[in-house]
Amino acid sequence: MSTTFKLDTSTSRANPTPQPMKRLTVPKIRAHKADGETKDPLVMLTAYTARQAQLLDAHCDMLLVGDSLGQVIYGLPSTIPVTLDMMANHAAAVVRGSYHSVVIVDMPFGSYEGSKEQAFESASRLLKESGAAAVKLEGGEQMAETVSFLNQRGIPVMGHVGLTPQAVNVLGGYMARGRDDAEAEKIVGDAKALDEAGAFAIVLEGVLEPIAIEATKAVSCPTIGIGASAQCDGQVLVTEDMLGMFERVPRFVKKYENIAEVIEKTVAQYAEEVRARSFPTADQTYQPKG
């Protein structure tokens with residue numbers, strides 16, 4: 001038995017509840033791909049809050065606390081300003097709101113590139129403070145030594161190649177990668193290097209589909225596509241994008257709903273009722289007894 005936190009939706013508060021831990025594990029995620037094939041594709045979405053995690057948890061294999069929270073939650077222009085404090089706090093909330101999914105937390109820009117020792121210090125802090133199971137970092141062959149260093153010291157690592165948002169200033173924008181032979185070869189080589197270094201999975205973002213398929217076939221660990229290919233071993237999207245919280249989304253996003261419109265209509269109705277003094281009614285106020 002292990003004490004976890006159950007989010008009580010009737011009170012919006014988390015209460016400690018002793019119950020058996022039934023989470024998926026990193027080795028189970030890795031084992032989804034056997035002999036180069038994945039029969040059941042892995043499902044991953046981003047999550048930043050406890051309530052969001054609770055709603056997504058039963059349907060996902062992995063929840064990614066992405067540094068995309070910089071733009072989605074904080075309104076920042078990119079992921080570059082995101083801090084370790086932000087990532088640790090949001091990851092802890094997601095862990096508290098979930099029971100089933102493996103929770104993975106992004107390492108923010110500047111927290112791991114300096115040296116493998118810096119990466120260990122940052123990664124160990126994130127896992128200690130949040131309770132997440134693994135970290136994700138961007139970069140290919142140049143980060144392989146760091147991935148191996150972390151893995152050997154008990155920190156599971158998910159890799160990320162192709163379009164790497166933290167390198168947007170070097171890449172010159174968020175355009176698809178792999179459009180020339182040299183870049184395509186580098187993406188596949190980067191994936192191989194991370195696989196050999198011990199990454200348990202690799203995100204392939206914004207790469208041409210043939211390159212994503214080639215990289216998926218070239219590595220023994222699962223690949224998670226985002227703007228890549230349905231032939232990847234799994235898929236990930238930013239939850240707010242696929243729910244339709246924003247008008248503009250990347251080309252590779254499918255909007256499954258238009259939640260922004262639902263929210264806007266609901267708030268407009270609330271505002272109208274407040275101004276008309278038709279809310280609150282007796283049902284929402286406390287009346288004297290007798």
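Phenylalanine 246 is placed in the loop between helix 10 (239-242) and helix 11 (259-275), where helices (H or I, at least four residues) and strands (E, at least two) are DSSP runs numbered from the N terminus. The structure is a predicted model, in which local features need pLDDT of at least 70 and side-chain atom pairs count only at pLDDT 80 or more, while totals for chains, interfaces and linings use all residues. Residues are numbered from 1 along each chain as its sequence is written, and side-chain values use heavy atoms, with hydrogens and water left out.

With a relative accessible area of 31%, phenylalanine 246 is partly exposed; buried denotes under 20% relative accessible area, exposed over 50%, and partly exposed the range in between (1.4 Å probe, protein chains only). Together with Met245, Ile263 and Val267, Phe246 makes a nonpolar surface patch of about 310 Å². Patches consist of residues with over 30% relative accessible area and no salt bridge, like charges being joined within 9 Å and nonpolar side chains (Val, Leu, Ile, Met, Phe, Trp, Tyr) within 5 Å. Accessible areas come from the Shrake-Rupley method with a 1.4 Å probe, and for residues only the protein chains shown count as cover.

A patch of negative charge is formed on the surface by Asp180, Asp181, Glu185 and Glu214. Lys and Arg count as positive and Asp and Glu as negative, whereas His and the chain ends are not counted; each charge is placed at NZ of Lys, CZ of Arg, CG of Asp or CD of Glu. Glutamate 214 belongs to helix 9 (residues 209-218) and is partly exposed, at 45% relative accessibility.

Eight salt bridges are found in a search of the whole structure, each defined as a side-chain nitrogen of Lys or Arg within 4 Å of a carboxyl oxygen of Asp or Glu. Aspartate 233 pairs in this way with lysine 33, and their closest N and O atoms are 3.0 Å apart. This pair links distant parts of the chain, 200 residues apart: aspartate 233 occupies the loop between strand 11 (223-226) and strand 12 (234-237), and lysine 33 lies in strand 3 (residues 33-34). Aspartate 233 is buried at 4% relative accessible area, and lysine 33 is buried at 5%.

In a further salt bridge, the closest N and O atoms of arginine 125 and aspartate 85 are 2.2 Å apart. Because arginine 125 lies in helix 5 (residues 116-130) and aspartate 85 in helix 4 (residues 84-96), the pair ties together parts that are 40 residues apart in sequence. Arginine 125 is partly exposed at 26%, as is aspartate 85 at 43%.

Aspartate 106 forms a salt bridge with lysine 136, with 2.8 Å between the closest N and O atoms. Strand 7 (residues 102-106) holds aspartate 106 and strand 8 (residues 134-136) holds lysine 136, 30 residues apart, and the pair links these distant parts of the chain. Salt bridges with shared partners also join Asp85, Arg125 and Glu129 into one network.

Glutamate 205 lies in strand 10 (residues 201-205) and is buried, with a relative accessible area of 10%. Isoleucine 187, in helix 8 (residues 181-197), is likewise buried, at 5%. The C-alpha atoms of isoleucine 187 and valine 207 are separated by 8.5 Å, the two residues being 20 residues apart along the chain.
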